[in-house]
Every structure is written in structure tokens, then in C-alpha cells.
Amino acid sequence: MDPSTISNYSNVTATPSATEPGELVHDPLWAAILRWVIGGIIIIVGSVGNVMVCAVVFKNQRMQTAMNLFLVNLAVWDILVCLFNIPFTLIYNHLKSWPFGLFWCKTMPTLQVMNLSASTGSLVAITIERYRAICLPFTPPLSKFQAKLTIAIVSMASFLVALPEVGAYKLGQPFGCIEQFPSVQLRKAYSLLLFLACYLLPLLFIAPAYTRMILRLWHDRDDFPSGGVTEDPKSHKRKRNVLKMMVSVVVCYAICMLPTYALFLWLDFGLTGNTPSYFFTLLSFTQIMNFFNSCVNPIIYWCLSEQFSKEFRKLLGCNKFNNFTRHHSSTTSSEPNVPSNVNHNTVPTKV
């Protein structure tokens with residue numbers, strides 16, 4: 001299963017008598033325009049935002065914590081999606097054919113599945129790191145080396161999960177690039193594996209962990225640790241803010257990915273007979289929903305993390321502008337009064 005292509009659709013609906021790929025799908029003009037507009041916004045916001053995430057973390061030594069390194073890993077994968085998967089998919093869906101050759105036919109689906117599994121793995125790693133910090137406060141935090149090792153393991157596992165796509169995708173009719181497993185049962189098994197390994201099981205692990213962390217911070221605030229040492233209120237507040245941010249990231253990920261998995265499970269296990277006329281449009285917008293997750297994380301960091309918000313503003317020069325305007329206004333207000341030939345008996349006018 002690969003959300004960046006319409007090959008599963010072509011496998012179901014392709015007919016030998018069709019000569020033009022565009023004849024096989026119904027794609028209204030409004031849907032094509034909306035895809036390009038939304039896709040373009042996602043590319044710009046996602047690329048700039050995720051590059052900023054990487055920049056502020058590597059620029060500031062204090063921000064190079066294990067959790068932030070995991071966030072950088074998420075950002076790197078999202079940058080790849082914005083620069084490669086989204087443009088290729090928009091062009092492919094517009095042309096209804098694949099003009100990029102065999103190499104990219106195999107690379108794009110593989111890259112997309114790697115992004116799905118690597119993002120899920122990073123969220124699981126962040127969950128474990130946050131759980132250790134909040135629920136097991138006396139355990140040592142993950143070191144930068146341990147974080148980098150975890151990222152390497154997650155990336156390697158993601159490649160292995162996506163490896164079947166390399167063999168399954170090939171050039172062929174009617175859309176130029178198609179997914180073709182040796183058997184339908186094998187394709188269904190792979191779709192189910194991706195759903196379980198990259199979505200359902202990780203969320204079943206993440207949800208109870210965050211629930212436990214929320215209960216610990218919100219309802220056990222007055223409890224003393226076993227050593228009788230109270231936690232610094234600022235540290236406690238910082239943990240709560242980080243937890244809010246990460247819960248938002250996980251919820252957005254779950255919402256954005258669910259339509260894609262649901263559609264392909266329906267295609268493989270629930271759909272019988274011919275596909276409905278609206279199937280291509282529905283598939284293309286589940287892809288857009290999927291890609292939206294690649295631009296939303298930097299926005300969440302900006303809104304819910306004081307540290308990221310401060311560094312983003314600094315990177316964009318907002319602080320310099322604010323300081324300039326503040327200095328200009330203070331200079332103006334501190335100027336000495338200059339005598340003027342004003343008739344104080346004159347009644348002031350209302351403006």
C-alpha cells in the first residue's frame with residue numbers, strides 16, 4: 001500500500017480497451033484546482049517550517065536534547081515529503097500517467113512508506129522519553145548518543161518495512177507506474193501489516209502512556225516523590241507545556257493518517273465489484289490529508305512551545321523588529337518638550 005499513487009485504483013478499474021489513462025478516472029476540475037492550491041501551501045509551509053525546526057535545534061546547544069533530536073528526525077522526513085512526494089504526486093494525479101521513469105516509480109512509494117513508519121517510530125521514541133521524564137523522574141535522561149542510535153535504528157527499520165514496495169512497483173499500463181504484488185493475498189497482507197505496525201499498535205501504546213502522564217501531572221501535582229523532594233514549579237510547568245505540545249502532535253498525526261489507512265483497507269478488504277466514480281477524488285484528498293501532517297508540526301511547536309516560538313521569532317528577525325519599534329517609540333516619547341508659539345487660550349479641536 002502506498003498513499004502517493006493511484007495504482008491500487010488502477011489495478012481494480014483498468015480495462016484493456018482503455019487507451020487513455022484519463023478515461024479511467026473521474027476527476028472534476030474543482031478537485032484538481034483545490035489539490036494544487038492546498039498542495040502548494042503544504043509544500044511552502046512544510047518546507048520552511050521544518051527547515052526552521054532543524055535550524056533552531058542545531059543552532060542552540062541547549063536545545064539539543066533527546067526529544068528535540070527526535071523532533072528533528074520528524075522534520076527531516078517531512079522535508080523529504082514536501083520536496084519529493086507531494087510534487088510528484090500532484091503531477092501524477094494531474095497527468096494520470098507516470099512520466100518520471102522506473103527509478104522514481106520505485107523510490108516515491110518507498111520513501112512515502114518510510115516516512116510513515118519513521119514518523120510513527122519517532123513518536124513512539126518521544127513517548128518513551130517523555131514517560132521516563134514525567135513518570136520515572138529519577139531515571140537518567142536519554143543521552144544524545146542514545147537518541148541518535150534510536151533514530152538510526154528507526155530509520156533502518158523503516159527501510160525494511162518499505163522494502164517490499166521496491167519490488168512491487170514497476171512501469172506498466174494504464175497509469176505508467178503500478179503496484180503489482182505476486183498475489184492479491186500478499187498485497188492485502190502487506191496493507192494490513194502497515195496498518196497494524198505503523199498506525200494501530202503504536203497508537204495503542206502511545207495513548208495509554210500519555211494518559212498516564214497527564215494523570216501524573218494534572219492530578220498528582222501535590223504528591224511528593226519517594227525521596228521527599230518537591231519538583232521545581234517551573235520544571236513542572238515546562239513538562240506540562242511539552243506534554244500538551246506532543247499530545248497535539250500525536251492527535252494530528254492520528255487524524256491525518258486515518259483516512260489513508262481506512263481507504264486502503266476498504267479497497268483491499270471491503271470493496272466488491274467496480275469502484276465508485278468518486279473513488280479517485282476521494283483517494284487524492286486522503287493523500288492531501290496525509291501530506292498535511294508534514295506541515296502542521298512546526299505550527300504546533302510555534303503555538304505551544306515557548307522555547308521554539310522564541311527561537312522561531314529570533315530566526316525570522318521578529319525580535320529585532322520589535323526591539324527597533326520599541327526603541328523608536330521610547331526615543332520619541334523621551335524627546336524634550338520644545339517651546340512653541342501656541343495660544344493656550346485656543347480651544348482644542350476634537351479629532
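1. Start with where H2 meets H9. On the H2 side the residues are Met52, Val53, Ala55, Val56, Val57 and Lys59, and they meet Phe308, Glu311, Phe312, Leu315 and Leu316 in H9. Contact here means heavy atoms within 4.5 Å. By class, that gives 9 nonpolar residues, no polar ones and 2 charged. For the classes, Ala, Val, Leu, Ile, Met, Phe, Trp, Tyr, Cys and Pro are nonpolar, Asp, Glu, Lys and Arg are charged, and the others, Gly among them, are polar. Helix H2 covers residues 29–59, and its axis lies 10 Å from that of H9 at an angle of about 100 degrees. That makes the two helices roughly perpendicular; the label covers 65 to 115 degrees, while under 35 is roughly parallel, over 145 roughly antiparallel and the rest oblique. Axes are lines fitted to C-alpha atoms, for helices over the stretch in contact, with angles from 0 to 180 degrees between N-to-C directions.

2. Before going on, a word on what you're looking at. This is a predicted model, in which local features need pLDDT of at least 70 and side-chain atom pairs count only at pLDDT 80 or more, whereas totals for chains, interfaces and linings use all residues. Residues are numbered from 1 along each chain as its sequence is written, and side-chain values use heavy atoms, leaving out hydrogens and water.

3. H9 has another partner, H8. The axes of H8 (residues 279–304) and H9 (residues 306–316) come within 6 Å and cross at roughly 105 degrees, so this pair is roughly perpendicular too. Pro298, Tyr301, Trp302 and Leu304 of H8 meet a set in H9 made up of Glu306, Phe308, Ser309, Phe312, Arg313 and Leu316.

4. Now the whole chain. There are 10 helices and 2 strands, in the order α-α-α-α-α-β-β-α-α-α-α-α. Helices (H or I, at least four residues) and strands (E, at least two) are DSSP runs, numbered from the N terminus. Of the 351 residues, 45% are buried, where buried means under 20% relative accessible area, exposed means over 50%, and partly exposed is in between (1.4 Å probe, protein chains only). Among contacts with a separation of 6 or more, 81% link residues 24 or more positions apart. The accessible surface is about 18500 Å², and 67% of it belongs to carbon and sulfur atoms; the areas come from the Shrake-Rupley method with a 1.4 Å probe, and for residues only the protein chains shown count as cover.

5. How far does H4 reach? Its 35 residues (101–135) span 51 Å from first C-alpha to last, close to the 51 Å expected at 1.5 Å a residue. The expected span is 1.5 Å times one less than the number of residues. H4 is mostly covered, with 25 of its 35 residues buried.

6. Two backbone spots deserve a look. Most residues other than glycine have a negative phi, and most peptide bonds are trans. Lys96 has a positive phi, near 60 degrees; Lys96 sits in the loop between H3 (66–95) and H4 and is buried at 7% relative accessible area. Gln173 and Pro174 are joined by a cis peptide bond with omega of about 5 degrees, and Pro174 lies in the loop between strands S1 (169–172) and S2 (176–179).

7. Last stop, H7. Pro259 is within this helix, which runs over residues 233–270, and is partly exposed at 27%. Leaving aside residues up to four places away in sequence, Pro259 touches Thr286 and Met289. Leu267, also found in H7, is buried at 6%. From Leu267 to Ser191 is 76 residues in sequence and 10.0 Å in space, C-alpha to C-alpha.
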